[in-house]
Amino acid sequence: MVTGKDEQDITEVRACALRVKPADRERIKGRTLSDARRIAKNIALITGGGVFRAVLMPLFTIFIARELGTQGFGAFSFALSLASILVIVGEMGLPKMVVRELTNHREDVAKYIGDLSVLRLIAGVASMGIVAMILALTPRAPDTRIPLFLIGLSLLVFTGLRRFFDAIFQAFEVMKYQALVDMVDILLTFGVGTALLFSGYGLMGIAFAMMVGATISMAMDFIILTRKLGKPVFTFDLAFWKRMALGALPFGIIGVLTFLFGYSNTVLLSIFKGDEQAGLFSSAYRVIWMLAIIPATCMTAVFPFLARIGRSSDNRQKDAIRLVVKYLACLSLPFSGLLAIYAPQIISAVYGKSYSSAGTALWILAAIPLFSFAYIPLIDLMNSQYKQRFSVIAILLCAGINTALCLLLAPLLGMVGAAVSTLVAEACLFGITIFFSWKHMRLHPRIFNLWKPLVASLTAALGMLPLRNVLPLPMMLIAFFLVYLAALLLLRTFDMEDRKLLGSLLPAKSGPGGSNG
């Protein structure tokens, strides 16, 4: 259990690891606070840009679901799932590889921009060949083929290049440009897409909007990148291409397998039970996907830091992961409690009455944040320290579990079976990742002191349960989070270390040591 004395203990461990004198411990504290400020600033920037994505894209999805209906939304979900799988395959894990390698070799940025842009473009065009082949073989209606082609083009070529450019911004830990362009992308896609959707253009309007947002945002990214970080140099170094492609392959496998966790179930449901069941499950899963933005956004800012200090002899990376998991637990766990007691109301309020039967699937999926807030940082820690093979093994095992269970349960239970298979796979991934991080990273599970946010979440959920059908939903949400926050404070979840970190993020009047805190 973490106490107020833990800060001194942690600092002493760092001092021993670095073989420094006790007098140097203040310098170590200052470095930790500096790390926290940098990470928090980048998280704030990405979150600021991500607010538009977190609000507008789910709202756009709701508009699509309402306008197209359950069957039409199921067809859209199938097309989007297929295209999204192809974009992950097309990028081959290159963005993550670029962040890890370029973080420690920033002097080579010109070569990365030039040669890897060409490599990424070649991969995108090759992936479009897969799209063309799928379009030729698909048994679906002909009027869905052109929209699917445009969705594939926007994701595989233009969004693929943009994700690569964003990886270079992340390697330099300058997230403001990524956040700015992301806002432009979302605003264009949402604005154009909503206008065309309500004008009756259906799936074709959605595809055209995605093309507009992806094309313009990619061009903006390239202009900012070449003006701020470096001009591209084209050497066409085949050995460099080969090294980067082979190094990125494990990250590509991780991306594909992670995507298959949820979206493969949508495809299987479409096959076994039809588009309506697929649409219902997809509507519930997308709510959970929205919550996954929280850990994903945080780790986008934390991963370059982990890569930069991954080979250091002290415990900075372990301390960072411990704090990240703690704060993610405080952010994620209340949503599990909230969804557990309000699943039907939330589904109906978000998507409409016709989707109310998806409340059962959402109630099952509500437990996923209990696991994802911990395994996502641990996987990134292993990846940053060249132990990605263990991440691949863990995700491969759990993807197999998910697919096998879905093949067994979906024909019998429909969307409920798909939800159960997803939850079981997520729990297995949590357990396997904890084991690998303990065995290969010497990261003992006891450093994750998470019982307090869990108790606070249970307190809020049980306290609001009798009132869920009494108060309006907005008022219930406010009351829920107020009870949760009060429980966190009463349990003294945040210790002296947390207060010092918070103080370092504010415009402090004191010096670096925080003596006037």
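**Close-up views of a predicted, helical model**

**View 1. Helix α14 from end to end.** At 1.5 Å a residue, the 27 residues of helix α14 (residues 415–441) should span 39 Å, and the end C-alpha atoms sit 38 Å apart, which agrees. The expected span here is 1.5 Å times one less than the number of residues. Helices (H or I, at least four residues) and strands (E, at least two) are DSSP runs, numbered from the N terminus. Just past α14 comes R442, with a positive phi of about 55 degrees. A word on the model: it's predicted, so local features need pLDDT of at least 70 and side-chain atom pairs count only at pLDDT 80 or more, while totals for chains, interfaces and linings use all residues. Residues are numbered from 1 along each chain as its sequence is written, and side-chain values use heavy atoms, with hydrogens and water left out.

**View 2. The whole protein, for orientation.** Count the elements and you get 17 helices and zero strands. Of the 517 residues, 53% are buried (under 20% relative accessible area; exposed is over 50%, partly exposed in between, with a 1.4 Å probe and protein chains only). Take the contacts (heavy atoms within 4.5 Å) between residues at least 6 apart in sequence: 82% of them join residues at least 24 apart. The accessible surface is about 22,300 Å², and carbon and sulfur atoms hold 69% of that. Accessible areas come from the Shrake-Rupley method with a 1.4 Å probe; for residues, only the protein chains shown count as cover.

View 3. L370, L454, L458, L462 and L465 make up a patch of about 420 Å². Patches take residues with over 30% relative accessible area and no salt bridge, joining like charges within 9 Å and nonpolar side chains (Val, Leu, Ile, Met, Phe, Trp, Tyr) within 5 Å. A salt bridge puts a side-chain nitrogen of Lys or Arg within 4 Å of a carboxyl oxygen of Asp or Glu. Helix α15 (residues 451–464) gives the largest share of the patch, three residues. L454 lies in α15 and is partly exposed, at 38% relative accessible area.

**View 4. Cysteines without a bond.** The disulfide count is zero, a disulfide being a pair of cysteine sulfur atoms within 2.5 Å. For C428, the closest cysteine sulfur belongs to C398, 5.4 Å away, so it's too far for a bond. C428 is partly exposed at 26%, while C406 is buried at 0% relative accessibility.

**View 5. W289 and P58.** W289 sits in helix α9 (residues 275–309) and is partly exposed, at 34% relative accessibility. P58 is 231 residues away along the chain, yet the C-alpha atoms of W289 and P58 are separated by 9.8 Å.
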